[in-house]
Amino acid sequence: GWRVLEIGPGQGSLHKELRRRVRGPVDVVEPSATFADGVRRLSRRDGFGDGALWQCHLSDAPLPPNTYDLIFARWVFLFLPDPLAHLKKLVAALTPGGRLAIEDYSRWTLRMAPEPAEWENFLKADGAFFATQGGDANIAGRLPALYEQAGLEVVDITPTTKYARPGSAEWEWLATY
């Protein structure tokens, strides 16, 4: 029964799960036309109804104030040029006592062992890519201080570290990335 907003659902894997848990529509901000169309298709299939879908960048989304019990963003803030302004926008859309859940990267922790000779150059290029978008590939380390500046109370921070062996899905993702 919660009102939920998802920021940047991408291909919709977690969007589907949020809708299942809410047993109803989930609103979305998704700038990609391809991903927004995928969310629309998913909404037609699961029978939970259409949520609002703003096909624009978060900074341009006309979010209603004091509306959402939960706002969820996964792998979004590393792309945003002004994370504090975006946090404040989301805080304004939360109901009193609402929750903002963000999952994002601290990419400086990416490692491989054995480490390829070009690894340090890869890390520099990865960070430079996000910087060209105005983002920060290591935003997760900065977010807790920004939460407090945005007027949020930090309830939980759970770091997640994955490891992989050659041949595993995680190893292949990192090796091909």
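**Stop 1: a salt bridge across the chain**

Start by selecting R3 and D27, whose side chains form a salt bridge with an N to O distance of 3.1 Å. (A salt bridge here is a side-chain nitrogen of Lys or Arg within 4 Å of a carboxyl oxygen of Asp or Glu.) The two partners come from distant parts of the chain, 24 residues apart: D27 sits in strand 2 (residues 27–29), and R3 in the segment before strand 1 (4–7). Helices (H or I, at least four residues) and strands (E, at least two) are DSSP runs, numbered from the N terminus.

Is D27 buried or exposed? D27 counts as buried, at 7% relative accessibility, while R3 is partly exposed at 42%. The cut-offs are under 20% relative accessible area for buried, over 50% for exposed and partly exposed in between, with a 1.4 Å probe and protein chains only.

Before you move on, a word on what you're looking at. This is a predicted model, so to speak of its local features takes pLDDT of at least 70, and side-chain atom pairs count only at pLDDT 80 or more, while totals for chains, interfaces and linings use all residues. Residues are numbered from 1 along each chain as its sequence is written, and side-chain values use heavy atoms, with hydrogens and water left out.

**Stop 2: the salt bridges of helix 1**

The count of salt bridges comes to 7. For another of them, pick E17 and R20, with their closest N and O atoms 2.5 Å apart. Both are in helix 1, and because they are 3 residues apart, about one helical turn separates them. E17 is partly exposed at 25% relative accessible area, and R20 is partly exposed too, at 43%.

R19 counts as buried, at 0% relative accessibility, whereas D46 is partly exposed at 26%.

**Stop 3**

Switch to cartoon view and find the open sheet, in which 5 strands follow the order 3-2-1-4-5 with parallel pairing. Strand 3 (53–54) and strand 5 are at the edges with a single partner strand each, so one side of each has no neighbour in the sheet. (Two strands pair if DSSP finds at least two bridges between them.)

Select strand 4 (residues 68–74) and strand 5 (residues 94–103): they run parallel, joined by 6 bridges. R74 stands opposite E103 in strand 5. Follow the chain from strand 4 through helix 3 (residues 83–93) to strand 5, and you have traced a right-handed β-α-β unit. Right-handed means that, with the strands pointing away from the viewer, the path from the first strand over the helix to the second runs clockwise.

Strand 1 is parallel to strand 4 as well, with 4 bridges joining them; E6 has F72 in strand 4 as its bridge partner. Strand 4 is largely enclosed by the rest of the structure, because 5 of its 7 residues are buried.

**Stop 4: the second largest pocket**

Finish by selecting W2, V4, L14, E17, L18, R21, V22, L70 and F72, the lining of the second largest pocket. Helix 1 (13–22) and strand 4 each supply at least two of the lining residues. The largest share, 5 residues, comes from helix 1.

Conventions:
On a 1 Å grid over the protein atoms alone, a cavity is a set of points where a 1.4 Å probe fits but cannot get out, and a pocket is an open set with protein on both sides within 12 Å along at least five of seven lines; lining residues have an atom within 4 Å of a point.
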